[in-house]
Amino acid sequence: MIEFHNVTKRFEGGYEALSNVSLKLDEGQMAFITGHSGAGKSTLLKIIALIEKPTRGQALLNRVNLNTMSRRRIPYIRRNIGIIFQDHQLLFDRSVFDNVALPLHIQGYRPQEIAKRTRAALDKVGLLHKEKSLPITLSGGEQQRVGIARAVVHKPMLLLADEPTGNLDPELSREIMQIFVDFNQVGVTVLVASHDLDLIDELDKPRITLNRGKLILNDLEDAPQEADGGWQ
Amino acid sequence: MVAGSNIRHKKLATSNRISAYLLHHLQSLRFSLRKIYEAPATTIMTVAVIGITLSLPGGFYLFLKNIDAISGDFRSSSQISLFLDLDLSEKQARALDKKIAKIELVDSTRFISRDKSLEDFRQDSGFGKSIDTLSTNPLPHTIIVEPVEADTFAVRNLLKSLQAMPEVKIAKLDTEWLERLYTIIEIARRSVAIITILFACAVLLIIGNTIRLDIQNRYQEIIVTKLIGATDAFIRRPFLYGGVWYGLLGGIISWLIVEIGYLAISGPLERLNLLYKSDMNLITFSFHDFIILITSSTLLGLAGSWIAVARHLNQIEPT
């Protein structure tokens, strides 16, 4: 599903967020990215979500080269991904229902289909009764669950989560992580960046650890090394 | 390795895509109307500025149209007066009149004999008694020539050929003042064109700026929708509809302003008509003019928002 071959991301000013990272996440797997803040967790996710491009090396999503993706194709590639943010990025001028329905609107589903799928997604995160509420009236954990519902409503093949439990207490964090595990069990590939090591320990999932942009621990099977033509 | 072999492109079937496309247009339209409804103060101010701005060229245009209508009456009156030689008998003069009437460029002629001229003069001038003291009639036979075309060049050629006739003593075409008037109208016409262009640019800027602020206000929403796979066209659409509404409403307001303005001056103008015994009618926007005004202001709205969207939307990318 995801392949990184010697990916380096250097920002203007020379700061290297990722150095020579190679990894491979298979379809249907679930993994955690851990490391201190500034270790490069977010940058790794941003490369997969086509927000950043590698400076060197090659990033593939389902064998599609993300380095050379044209601007026009980016939206269509992103529709395969569900992204969950630490600050959940909900739109506060519309209801919970409308927030969750947004990806379906973008993809042009019919209104009946939108209503059906949106309610199903809200039901999955246990918030069906709040569909008419405004996000501002919800608690932090509920807002994050709305964010998750929005990320999964269009049934993406890949879920990316950047510190999804960052602002939540341990009890709520556990609930949120359990939702990810549930999705993984029905076949969705899940990649979660988190520094909540206690919680990660409870879940027996492979781990990728970054330190200052370098991969220092990789429970996943190694990325195939023969891909040496991956320079940009 | 086959690029894209596995990835789902998440595009729908064509028929579904077309109905989805229409559906989103409808949603964008509704959404942009809701924005107007939710922020009436901003909308009213923007629309009022556009209306006032467009009412200026609109008003000037109507002014010109009225001047044109008046001067059109003059245009048809570019006659040539031929004063014939005094030695010519009335018979000879009438023969000449018939000859001239047959010239291609001549529409019609009117013959005024010396005696008739004197009689008219006697009645109109009030010098009846003094005229009686004259031993001979000093007035010549006169032929009034009505040219076919009002075009000055053709008329001038006709004048030359008529002047060349031996029987004609003086051929007179009093068009100089008319030409001056036409020149002034032409200057006014071009000024209105310049003003229209400038004010159209102003409207573009106003709408562009309003849409730019709108884009800034919805920065977060744009980022989020981009992240969940919205195409540029999807994000653009509600803003373009917003521009169209601004242009349309602004056009209607400018029309109202001009109509009310003309209503306000129509009273004194009618009095002026009475005083001058003229039958000048005030012309306002025709239905055709109205459609042109509304269409162009709507297109200006679309163009203004398009410029703003093209300039600013691409700069907003998730980081």
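User: Before we start, what makes a residue count as buried here?

Analyst: A residue is buried if 20 or more other C-beta atoms lie within 10 Å of its own, and exposed if 12 or fewer do. Please keep in mind that this is a predicted model.

User: OK, so is Leu50(A) buried or exposed?

Analyst: Leu50(A) has 21 other C-beta atoms within 10 Å, so it is buried. This residue belongs to the loop between α1 (41–48) and β4 (56–61) of chain A, and its phi is positive, about 65 degrees, although it is not a glycine.

User: And what about Arg63(A), how does its phi look?

Analyst: The phi of Arg63(A) is also a positive value in a residue other than glycine, near 70 degrees. Arg63(A) sits in the loop between β4 and β5 (64–65) of chain A, and because it has 14 other C-beta atoms within 10 Å, it counts as partly exposed.

User: Switching to helices, how many residues of α3(A) are buried?

Analyst: Helix α3(A) is mostly covered, with 10 of its 11 residues buried. Among them are Phe97(A), Ala101(A), Leu104(A), His105(A) and Ile106(A). After the helix comes Gly108(A), which has a positive phi near 75 degrees.

User: Which helix does α3 pack against, and at what angle?

Analyst: Helix α3 (residues 96–106) of chain A packs with helix α5 (residues 140–152) of chain A at an angle of about 30 degrees, and their axes are 7 Å apart. The two helices are therefore roughly parallel to each other, and their crossing is right-handed.

User: Which residues meet there?

Analyst: From α3(A), the residues Val96(A), Asn99(A), Val100(A), Leu102(A) and Pro103(A) meet Val146(A), Ala149(A) and Arg150(A) of α5(A). Sorted by class, this contact has six nonpolar, one polar and one charged residues.

User: What about the largest nonpolar core, which of its residues touch the most other members?

Analyst: That core has 69 residues, and Val100(A), Ala149(A), Leu159(A) and Leu160(A) touch the most other members. The element that gives the most to this core is α3(A), with seven residues. As general background, nonpolar side chains in soluble globular proteins tend to be buried together.

User: Can you zoom in on Leu159(A): what does it touch?

Analyst: Leaving out residues up to four places away in sequence, Leu159(A) touches Gly82(A), Ile84(A), Ala151(A), Val152(A), Phe180(A), Phe183(A), Val188(A) and Val190(A).

User: Now chain B, what is its secondary structure?

Analyst: Chain B comes to 10 helices and four strands, and along the sequence these follow the pattern α-α-β-α-β-α-α-β-α-β-α-α-α-α. Of the 319 residues of this chain, 24% count as buried. Among its contacts between residues at least 6 apart in sequence, 84% join residues at least 24 apart.

User: Where is His25(B) found, and is it buried or exposed?

Analyst: His25(B) is found in helix α1 (residues 14–38) of chain B. This histidine counts as exposed because it has 12 C-beta neighbours inside 10 Å.

User: Last one: how many Å apart are His25(B) and Pro140(B) in space?

Analyst: C-alpha to C-alpha, His25(B) and Pro140(B) are 79 Å apart in space, and in sequence they are 115 residues apart.

How values were computed: Residues numbered from 1 in each chain as written. Chains lettered and ligands numbered in written order. Predicted model: local features only at pLDDT ≥ 70, side-chain atom pairs only at ≥ 80, totals over all residues. Axes fitted to C-alpha atoms, helices over the stretch in contact; angles between N-to-C directions. Parallel < 35°, antiparallel > 145°, perpendicular 65-115°, else oblique. Left-handed = near helix turned anticlockwise from the far one by under 90°. Contact = placed C-beta atoms within 7 Å. Nonpolar A, V, L, I, M, F, W, Y, C, P; charged D, E, K, R; others polar. Core = buried A, V, L, I, M, F, W, Y, C linked by C-beta atoms within 7 Å.
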